[in-house]
Structure formats: C-alpha cells, structure tokens
Amino acid sequence: MRVDFTPSPRPTLGVEWELALVDRTSRDLTSRAGTVLDALRGDDGREHPRIHKELLRNTVEVVTGICDTVAEAAADLSGSLAQVRRVTDPLGIELMSAGTHPFARWSAQQVTDNPRYAELIERTQWWGRQMLIWGVHVHVGVDSVHKVLPILNTMLNTYPHLQALSASSPYWTGTDTGYASNRALMFQQLPTAGLPFQFGSWAEFESYIDDMLVTGVIDGLSDVRWDVRPSPALGTLETRVCDGVPTLRELTALTALVHCLVVDLDTRLEAGEELPTLPPWHVQENKWRSARYGLDAEVILDAAGRERLVTDDLADVLERLAPVARRLGCADELASVADIPRRGASYQRQRAVAEAAGGDLVAVVDSLVAELRETP
C-alpha cells in the first residue's frame, strides 16, 4: 500500500494537550466533557476548532494550529485553556493534567459516544476500558519523506529523557505503583501502541501498514498508536512519549526540547551524517527504566552498553542543542528544561505532597489543580 507523506516546507510545530475534568468538591473525575464542549460551540453550532473530545468523557484536549515557534504554540494553548476555564469555572469543574489521576477508578468512567471509540473498547475490552491516562503530543514538520524514519529511529535514543522529565503518573486507583510513569506501561497494552518498529525505509513502513490493513489489525493510519510515529497527512513526526504535563511552563520546555531534537537531526541528515541508533532491545529497556525510575534512571547510551544517569546525559543534550534553540527562537524555553530536575518532576512533587499530607491523595489532586492554575 502506498502511504503518501505530505512534506512540510519548514519545521512547523503542533501540540496536543489532554486535560482531565475534576469535580471541585470531591476532586474525583467528572464525565462532563459533553457539556463543556457544547458550551464552546460556535454560533453556527460547529465544534470548537482548538478544543476537542477524547476517548473518555472526563477529558478535553486543547490543540494548537500550525505554529512556527514554541512561543506561538504556548500562546495558542494558553488562549484555548482560558476559553475552557470560562466554561468550567461556573460549572464547578477544575482542570488538571497528569499521566493519571491519583485515585479515580477506571470502572466508573464513561466512554465518549463515537463509533471509533466504541470499536476500540469492543476490541480491547479490559485493557481498553482501563485507559484512564492523559498525555501530550508534539508534531514537528519534516520536509522529506526520506528523513522521517531516520529521524524517528534516532529520536528513540532520547526517549528516556522525555519520559523521565514528563513522568507524572506514580499513582493508579489510589495506589503508589512504584513507577514514575505508570501511564507509559499502561498505554502500550493496546494493539499497535508502544514503541515503534525501526524501519530502514519508507517502503518497509508502507509494507507494514499494508499488512496491518489486510489482516484487520487497523482500519487506518490513526490506529497506529506508536509513542513516536509519522503523521503523513500533516507532514510531521509526532512524538507521543510524554505523560500529561501539569503546567504550561513545563509543557513549553518539553515542546522546545522535541522541536530542537527533530530539527537537529534533520540538519545532521542534510549534512550527510549517518544518525546513530540503538538496538531495539536497548530502546525497550530504556523505556522501562525511565518509566520505573524517572530522573534516577541509568540509561543505555549505545550498542556497546555504556550507561549514564539520565540527568547527566540530559545536561549534555541541552548544551548540544543550544545553538539549534537560538536559531529556532526558543533558547530560553529550552534552557528551562533544566529547571524540571531542579524543581522535581511531577511524579516527585506528587509523592512529596502525599507524604506531607499523610498519604491523602485528595491533596495531590489539589496540588495538580493549583499547578495548572498557575498557567496564565
């Protein structure tokens, strides 16, 4: 099957940010996305172009338009968030973003009325019904189909860095899982989700898509739910590694990191460099380590098995990308990535709140709601 990739003439940005709807009194999730989205419809009755429904009725997703800079994307998201709040505040609904809700029960959630979602639940059953998780997706434009897979394959080298920085899902239905990101391991239980295959050519990717369609594994490209995947119709590489991010400042920093990583790899390809890759078994191990240990993960750096603390390697990555960030106009945003380990990633902050509150997870939700309130 032919899969046409529509090249993007420049490295544009697009961001998708999933937000959970929380009852102001109980701090549990509330399935009122339909009410919120109806209130946001235009005068012509059409759905809001930047605020969308998701699998569960306890979620709304804010998305940017096509942006050229990180600052533009951040402003776009901030504007949409303000519009959501104008509806949710009078309804007694709070907003939060994290990989999971600390104590909500998956069995109490309602699925959005949509044939695609109904098919997903019908097929995946118990695992599909448990997808009480939230994430962030960052699209970066790529100008040639021949660059997409080489960039994707090398982006997997920094997978654990992105996972550790964004990890925000230590709790699941009231229990501390011992993981920094329980979401990362939950989501990969769905068919075609998780780590991508490392294809050597676009033709191999097309062959894979053809096989998946012929055997009925997928109905279309959107059913390929990899953590990093091509988005052929948009002309982008989509990075879906990150847990839900609690603040716009952190989201802006991580967006800058993804933007710079993709543009750096694109530039190196243009210069004729062969990009370094890791064996799939090392990529898989790094995903597990970063999900389990977060910023304390020792990650595998190369095929020889050299290891290093992820935060030490992150410092070198940020230094290497600094010239790219200056060129893209996001030097300050990229530099703020280093603030996350200094302040503590969300999974660390959540655990600190729970400890101070004697294990009260309502206090953790309070803190997540308050952090998102800091967003202008």
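User: Which residues are buried in helix α13 (residues 346-356)?

Analyst: The model is a predicted one, and burial here means a relative accessible area under 20%. The buried residues of α13 are Ser346, Tyr347, Arg349, Gln350 and Ala354.

User: What do the buried residues of α13 pack against?

Analyst: One of the partners is α5 (159-166), which is itself mostly covered, with 8 of its 8 residues buried; among these are Tyr159, His161 and Leu165. Counting α5, the buried residues of α13 pack against α5, β6 (171-172), α8 (248-270), α9 (280-293), α12 (339-343) and α14 (361-373).

User: In α14, is valine 362 buried, partly exposed or exposed?

Analyst: Valine 362 is found in helix α14, and, leaving out residues up to four places away in sequence, valine 362 touches Arg27 and Phe103. Of these two, arginine 27 is 335 residues away from valine 362 in sequence, yet their C-alpha atoms are 6.4 Å apart in space. Because buried means under 20% and exposed over 50%, a relative accessible area of 31% makes valine 362 partly exposed.

User: How many of the residues of strand β3 (residues 59-63) are buried?

Analyst: In a regular strand the side chains alternate between the two faces of the sheet. In β3, Thr59, Glu61 and Val63 point one way while Val60 and Val62 point the other way, and all are buried. The strand is largely enclosed by the rest of the structure, so the count of buried residues is 5 of the 5.

User: Which residue of β3 is the bridge partner of glutamate 18, and which is that of lysine 53?

Analyst: Strand β1 (residues 13-23) pairs with β3 in the antiparallel sense over 5 bridges, and strand β2 (residues 51-53) also runs antiparallel to β3, joined to it by 3 bridges. β2 and β3 form a hairpin with 5 residues between them. The partner of glutamate 18 is glutamate 61, and that of lysine 53 is valine 60.

User: Which residue of strand β4 (residues 93-96) stands opposite leucine 21?

Analyst: β1 and β4 pair in the antiparallel sense over 4 bridges. Within β4, Ile93 and Leu95 point one way and Glu94 and Met96 the other way, with all of them buried. The residue of β4 opposite leucine 21 is leucine 95.

User: Which element gives the most to the largest nonpolar core?

Analyst: The largest nonpolar core has 86 residues, and those with the most contacts inside it are Trp17, Val60, Leu237, Leu257 and Leu334. The element that gives the most to this core, with 12 residues, is α8.

User: Which residues are included in the second, separate core?

Analyst: Beyond its neighbours within four places in sequence, valine 60 is in contact with residues including Trp17, Leu19, Val36 and Val84. The second core is separate and has 28 residues, and those it includes are Leu29, Ala98, Ile133 and Trp172.

User: Which residue of strand β11 (residues 236-239) is the bridge partner of valine 228?

Analyst: Strand β10 (residues 228-231) has Val228 and Pro230 pointing one way and Arg229 and Ser231 the other way, and all are buried. 4 bridges join β10 to β11, and the two run antiparallel; in their hairpin, which has 4 residues between the strands, glycine 235 takes a positive phi near 70°. The partner of valine 228 in β11 is threonine 239.

User: Which strand contributes the largest share of the lining of the largest pocket?

Analyst: The largest pocket has a volume of about 1,200 Å³. Of the 50 residues that line this pocket, the closest to its centre are Glu16, His137, Arg229, Glu238 and Arg240. The largest share of the lining, 5 residues, comes from β1.

How values were computed: Residues numbered from 1 in each chain as written. Predicted model: local features only at pLDDT ≥ 70, side-chain atom pairs only at ≥ 80, totals over all residues. Heavy atoms only, no water. Buried < 20%, exposed > 50% of the residue type's maximum accessible area, 1.4 Å probe, protein only. Contact = heavy atoms within 4.5 Å. Pairing = 2+ DSSP bridges. Core = buried A, V, L, I, M, F, W, Y, C linked by side-chain atoms within 4.5 Å. 1 Å grid on protein atoms, 1.4 Å probe; cavity = no way out; pocket = protein on both sides within 12 Å on 5 of 7 lines; lining within 4 Å. Points joined across faces, edges and corners; volume = space filled by probe spheres on them.
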